Structure formats: structure tokens, C-alpha cells
Amino acid sequence: MRISVQEAPFDLGVESEAFARNAEQIGAIVTFTGVVRDSDAGRLQVMEIEHYPGMTEKALAAIANEAVERWDLGDVLVIHRFGRLAPGERIMMVATAARHRVAAFEAAEFLMDYLKSRAPFWKKELSATQSTWVAAKDEDEDALNRWAR
Amino acid sequence: MDILYFAWVRERIGLPRETVKTSAETVMDLVTELRGREQRYEAAFADLSALRVALDQDLSDFDAPLAGVREVAFFPPMTGG
């Protein structure tokens with residue numbers, strides 16, 4: 001399992017390749033990549049991502065450990081960036097490896113749902129004229145309910 | 001006790017962190033104490049439903065006790081991913 005909270009960009013190809021090479025006894029790998037989206041018709045200039053050093057790593061490790069507990073996973077990777085990102089830049093990725101694809105897909109969705117609203121990151125969108133904190137959505141909280149047990 | 005603020009809570013209060021001496025027994029007591037200080041704290045804590053709290057880097061609740069806690073953090077709902 002690898003958790004990385006970093007300011008620097010990551011290479012999707014290198015990370016995916018290394019993950020696939022190291023995962024043993026598996027039949028399926030799922031990767032998900034989050035990209036800075038310009039939801040405001042070309043006006044977004046920068047997305048600033050703030051986080052809580054210390055708690056972030058702890059929360060991501062807890063989320064990844066829970067995924068490993070729930071699904072029979074060969075390996076888990078979570079990379080999440082912070083700092084100033086431009087539209088089109090990759091913010092984060094998760095990868096899961098399992099013997100079968102259902103577990104790999106489900107675990108990846110679980111990781112995404114949890115890290116969206118349980119990992120201490122906050123996004124701020126900056127345009128030429130204004131800056132706005134991205135608000136959490138009710139759907140994000142609802143998405144967690146389907147994993148309740 | 002160290003108090004940390006993130007995102008718009010940090011911006012409203014104008015500080016990322018501060019150290020306070022307090023005898024507050026719960027998070028709620030601490031919030032009441034901070035709100036009584038200055039308008040900027042009142043503005044940050046006006047709507048608790050828009051805030052989350054972590055105690056020693058674990059998500060917690062406003063009615064949680066503060067005994068033994070070293071670090072309290074206040075922030076809006078998280079928006080990772």
C-alpha cells in the first residue's frame with residue numbers, strides 16, 4: 001500500500017506501470033484519475049488545494065486500510081496533490097488490485113467516495129475576478145451511505 | 001492547546017493556528033469561548049452546521065470532551081478527490 005500527499009505532479013503512466021508490476025497474485029487493476037475541471041466556461045485560472053498536514057496522511061491511510069479490510073485486495077495506491085493547480089492538471093489518483101474486477105472497481109469507488117468527504121482537503125477556485133471555496137455537495141455525503149454496514 | 005483553522009474558517013479568523021489556554025470541557029465550550037472574543041470569531045463560528053471539528057487529527061463532534069486533547073482543528077466540510 002502506498003499513500004502519497006504531494007505538491008509535485010505525478011506521472012500517470014509511471015505510477016500505473018509500477019503499480020501493475022508490483023501487484024502480485026492479481027487478475028484485475030482499476031485506476032481512477034481526478035483532473036482539475038474548469039466548470040466555469042474557461043474562467044478558472046487556478047485551483048488551490050489546501051490540506052491538513054498530518055491528518056491528511058492519517059485519514060488516507062485509514063480509508064485505504066478499511067478498503068483492504070472489506071475487499072480482498074492485492075494492493076492499493078492513493079496519490080493526492082495540494083497547492084496551486086491549473087485546469088487540466090491531475091489532482092489525484094487511486095489504484096486497486098484484486099483477483100477479480102468487481103472487488104477492484106468497488107474498492108476504487110469506496111476510496112473515492114471516502115476521500116472526497118473524509119480526507120481533509122479543501123479546494124478554492126480562482127478566476128481573474130474572484131475566488132470561491134468549493135462547497136461540499138449533499139450527494140457526496142449520500143454516496144457514503146451506500147457503504148454503511 | 002493548539003487550535004488550527006483551515007479554508008474559509010482560517011480566512012475569516014485571519015490565522016492558521018494559535019495556542020490558547022482554556023478550561024473548556026467540551027468543543028462546544030471552546031467554541032462559545034472563542035465566539036465571545038471578537039467579531040471575526042463570531043463570524044467564523046456563526047453556523048456550526050457548516051463546520052467540522054477534528055481532535056488530535058481525528059474527526060469528532062462538537063459535544064466531545066477536550067480532556068487530554070492537544071490539537072483542535074476547525075474547518076468546513078472537506079472537498080477532496
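His80(A) touches Ser4(A), Val5(A), Gln6(A), Ile91(A), Met92(A), Leu115(A) and Phe121(A), and also Gly80(B) and Gly81(B) of chain B, leaving aside residues up to four places away in sequence. Please keep in mind that this is a predicted model.

- You will find His80(A) in strand 4 of chain A, which spans residues 73-81.
- Is His80(A) buried or exposed? With a relative accessibility of 0%, His80(A) counts as buried.
- Gln6(A), one of the residues that His80(A) touches, is 74 residues away along the chain, yet the two C-alpha atoms are separated by 6.4 Å.
- Leu115(A) is among the contacts of His80(A), and Leu115(A) also belongs to the part of helix 3 of chain A that meets helix 2 of chain A.

**Helix 2 of chain A**

- Helix 2 of chain A runs over residues 55-70, and its 16 residues reach 22 Å from first C-alpha to last, close to the 22 Å expected at 1.5 Å a residue.
- Its buried residues are Met55(A), Thr56(A), Ala59(A), Leu60(A), Ile63(A), Ala64(A) and Ala67(A).
- Because these residues cover an arc of only 160 degrees around the axis, they sit on the same side of helix 2 of chain A.
- As a reminder of the geometry behind such patterns, an α-helix has 3.6 residues a turn, so residues three or four places apart point the same way.

**Where helix 2 meets helix 3 in chain A**

- The axes of helix 2 of chain A and helix 3 of chain A (residues 101-118) come within 10 Å and cross at roughly 155 degrees.
- That angle makes helix 2 of chain A roughly antiparallel to helix 3 of chain A.
- The crossing of these two helices is right-handed.
- On the side of helix 2 of chain A, the contact is made by Ala59(A), Leu60(A), Ile63(A), Ala64(A), Glu66(A), Ala67(A) and Arg70(A).
- Helix 3 of chain A answers with Phe110(A), Leu111(A), Tyr114(A), Leu115(A) and Arg118(A).

**Helix 4 of chain A and its neighbour**

- In helix 4 of chain A (residues 138-145), the buried residues are Asp140(A), Ala143(A) and Leu144(A).
- Seen down the axis, they fall within an arc of 100 degrees, so they line one face of helix 4 of chain A.
- The face turned away from this buried side carries the exposed residues Asp138(A), Glu139(A) and Asn145(A).
- Helix 3 of chain A is included in what covers the buried residues of helix 4 of chain A.
- The axes of helix 3 and helix 4 of chain A come within 9 Å and cross at roughly 135 degrees, which makes the two helices oblique to each other.
- Helix 3 of chain A passes helix 4 of chain A in a left-handed crossing.
- Asp113(A), Tyr114(A), Lys116(A), Ser117(A) and Arg118(A) of helix 3 of chain A make this contact with Asp140(A), Glu141(A), Ala143(A) and Leu144(A) of helix 4 of chain A.

**Positive phi angles in chain B**

- Ala7(B) is not a glycine, but has a positive phi of about 55 degrees.
- Ala7(B) lies in helix 1 of chain B, residues 7-13, and is buried, with a relative accessible area of 0%.
- Asp56(B), also a residue other than glycine, has a positive phi near 45 degrees.
- Asp56(B) is found in the loop between strand 3 (52-55) and strand 4 (58-60) of chain B, and counts as partly exposed at 24% relative accessibility.

Note on methods
Residues are numbered from 1 along each chain as its sequence is written. Chains are lettered from A and ligands numbered from 1 in the order in which they are written. This is a predicted model: local features need pLDDT of at least 70, side-chain atom pairs count only at pLDDT 80 or more; totals for chains, interfaces and linings use all residues. Side-chain values use heavy atoms; hydrogens and water are left out. Helices (H or I, at least four residues) and strands (E, at least two) are DSSP runs, numbered from the N terminus. The expected span of a helix is 1.5 Å times one less than its number of residues. Buried means under 20% relative accessible area, exposed over 50%, partly exposed in between (1.4 Å probe, protein chains only). The arc is that of the directions from the helix axis to the C-beta atoms. Axes are lines fitted to C-alpha atoms, for helices over the stretch in contact, and angles run from 0 to 180 degrees between N-to-C directions. Angles under 35 degrees count as roughly parallel, over 145 as roughly antiparallel, 65 to 115 as roughly perpendicular and the rest as oblique. A crossing is left-handed if the near helix is turned anticlockwise from the far one by less than a right angle, and right-handed if clockwise. Contact means heavy atoms within 4.5 Å.
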